[in-house]
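Welcome, and please open your viewer. We will take a short walk through the model, one selection at a time.

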2 protein chains.
Amino acid sequence: MSDMTFDHKECGSCPIRHRAVCARCEADELEELDAIKYYRSYEAGQPIVWSGDRMDFVASVVTGVASLSQAMEDGRTQMVGLLLPSDFLGRPGRDAAPYDVVAVSNLTLCCFRRKPFEQMMLRTPHVSQRLLEMTLDELDAAREWMLILGRKTAREKIASLLAIIARREASLELTTAGDGMDFELPLTREAMADYLGLTLETVSRQISALKRDGVITLEGKRKVVIPDYDRLQIETGDDTDGGLMI
Amino acid sequence: MSDMTFDHKECGSCPIRHRAVCARCEADELEELDAIKYYRSYEAGQPIVWSGDRMDFVASVVTGVASLSQAMEDGRTQMVGLLLPSDFLGRPGRDAAPYDVVAVSNLTLCCFRRKPFEQMMLRTPHVSQRLLEMTLDELDAAREWMLILGRKTAREKIASLLAIIARREASLELTTAGDGMDFELPLTREAMADYLGLTLETVSRQISALKRDGVITLEGKRKVVIPDYDRLQIETGDDTDGGLMI
DNA sequence: TTGGCGCATTGACCCAGATCAAGAATTGCG
DNA sequence: CGCAATTCTTGATCTGGGTCAATGCGCCAA
């Protein structure tokens with residue numbers, strides 16, 4: 001774990017500014033946030049906090065991927081959240097981290113000291129509004145995930161995960177919705193298995209099957225090409241309303 | 001669906017007062033809530049809203065049980081939330097219901113018209129604080145559930161569900177934590193299956209197995225007796241920190 | 001260049017839970 | 001009270017995905 005600094009220009013493009021906390025912040029509120037802000041980097045595989053740890057910050061993901069997961073004492077683990085760039089980590093008003101947080105890839109966080117952040121929340125209603133909105137979004141994502149975990153087949157699970165990641169990439173890069181998306185898979189087979197409630201062997205087999213059936217193409221092990229997004233969408237088993245909403 | 005009225009005394013014991021929205025409300029805020037409040041009853045099995053419907057109210061469960069669930073078009077359904085007395089239904093700031101809501105048993109809701117409720121939220125910061133708190137609790141519950149769905153065996157799933165319901169009953173009735181809890185199961189075998197990502201046959205078999213092994217006793221089909229809560233807790237596969245926290 | 005290490009793939013086999021199919025127990029209603 | 005409709009239980013069989021084990025593929029370091 002190393003501290004680092006971003007120059008103002010980079011900071012200006014930090015996702016926290018336009019997506020997470022301050023979608024509607026005024027200039028002086030941004031100043032205030034800048035004063036309690038610091039950057040922190042982690043390497044792939046590094047733990048960020050353990051379940052039960054005291055967390056004295058909240059943060060926004062700048063680059064990389066982090067996971068939230070719950071473990072049973074016999075070693076079974078279930079990923080319960082996936083944080084991609086612009087996602088928010090931490091909970092104002094709560095001392096202890098409820099899950100293990102791990103850097104899945106190399107990761108940079110934009111952190112805010114928790115106490116001043118909470119005080120700012122109390123003063124500026126639209127920040128806490130925004131927090132509620134984000135928490136409701138997380139709740140929706142968690143519940144979509146519950147459907148995946150409880151009722152989908154292995155093949156549908158893999159297709160759903162690929163579709164979720166593809167959507168997220170597209171919405172960040174403002175890519176055109178159409179066909180021919182591609183992206184770097186930020187997860188190992190084991191992490192995908194933990195996400196989907198499968199074993200890594202089943203993940204590997206189903207990815208091979210989707211490749212064999214022409215739903216996806218792999219370049220190397222991690223680069224995924226999706227020639228026809230609608231086809232992938234059908235494989236997820238979801239309503240085929242198709243669109244790239246999020 | 002029928003409208004009904006509660007006299008003031010009953011209203012005074014409505015869970016909304018002491019658990020959900022107004023844990024810290026002052027008398028005049030309670031007056032204000034009373035002005036936009038009405039009661040509504042549903043019979044077991046009745047739908048309350050369908051996914052996508054416009055919802056012009058938020059509500060608190062007074063008596064009975066409701067479920068939130070998601071359906072795939074081929075008929076597979078997954079319950080994604082279970083609302084017991086004192087739980088909150090609806091989302092300030094959002095027009096459309098994201099899930100199907102169904103009355104699992106006979107149900108009474110204490111409803112608040114959404115627009116005035118939202119305006120009140122904007123004015124009284126501790127109400128929106130409370131909303132955020134409740135939403136974070138729901139998120140935690142959803143994620144605990146994800147572990148259940150993704151990684152637990154059928155037997156552990158059933159034990160977990162019974163433990164969750166037993167805990168909830170205990171926390172509402174302020175029962176002593178110790179042994180010898182009992183409660184009326186508010187769910188059919190099919191609803192339990194939808195909750196746990198199982199089939200109703202598997203639910204039935206595992207309940208029989210837990211009964212055979214002396215973990216639970218049934219009186220009739222719905223009344224469950226738990227002679228030793230710690231024993232049940234062990235069957236859930238969770239950390240055996242035991243306590244009745246919620 | 002070679003060996004070692006960390007992923008990923010693939011195969012063979014097995015088992016928990018699904019599916020299909022009777023019945024039994026409750027519940028509700030005329 | 002009695003008959004029908006639910007809801008639940010139990011049995012027999014099947015199968016998707018888990019488990020165990022071997023092999024492959026890069027990539028880095030010596």
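Begin with helix 8 of chain A, which provides six residues, the largest share of the surface near DNA strand C. Here, near means that a residue's C-beta atom, placed from the backbone, lies within 6 Å, and helices (H or I, at least four residues) and strands (E, at least two) are DSSP runs numbered from the N terminus.

A word on the model: it is predicted, with local features needing pLDDT of at least 70 and side-chain atom pairs pLDDT 80 or more, while totals for chains, interfaces and linings use all residues. Residues count from 1 along each chain as written, chains are lettered from A and ligands numbered from 1 in written order.

Next, select Thr188(A), Arg189(A), Ser204(A), Ser208(A) and Thr202(B), which come nearest among the 18 residues around DNA strand C. Helix 7 (189-196) and helix 8 (200-212) of chain A, plus helix 8 (200-212) of chain B, each give two or more residues to this surface.

Now move to where the chains meet: 32 residues of chain A and 31 residues of chain B take part in the contact, which is counted when C-beta atoms, placed from the backbone, lie within 7 Å. On the chain A side, helix 5 gives the most, with 18 residues.

Finally, show helix 5 of chain A with helix 5 (residues 125-151) of chain B. Their axes, lines fitted to C-alpha atoms over the stretch in contact, with angles from 0 to 180 degrees between N-to-C directions, come within 9 Å and cross at roughly 20°. The two helices are therefore roughly parallel (angles under 35 degrees).

Conventions: Two residues are in contact if their C-beta atoms, placed from the backbone, lie within 7 Å. Angles under 35 degrees count as roughly parallel, over 145 as roughly antiparallel, 65 to 115 as roughly perpendicular and the rest as oblique.
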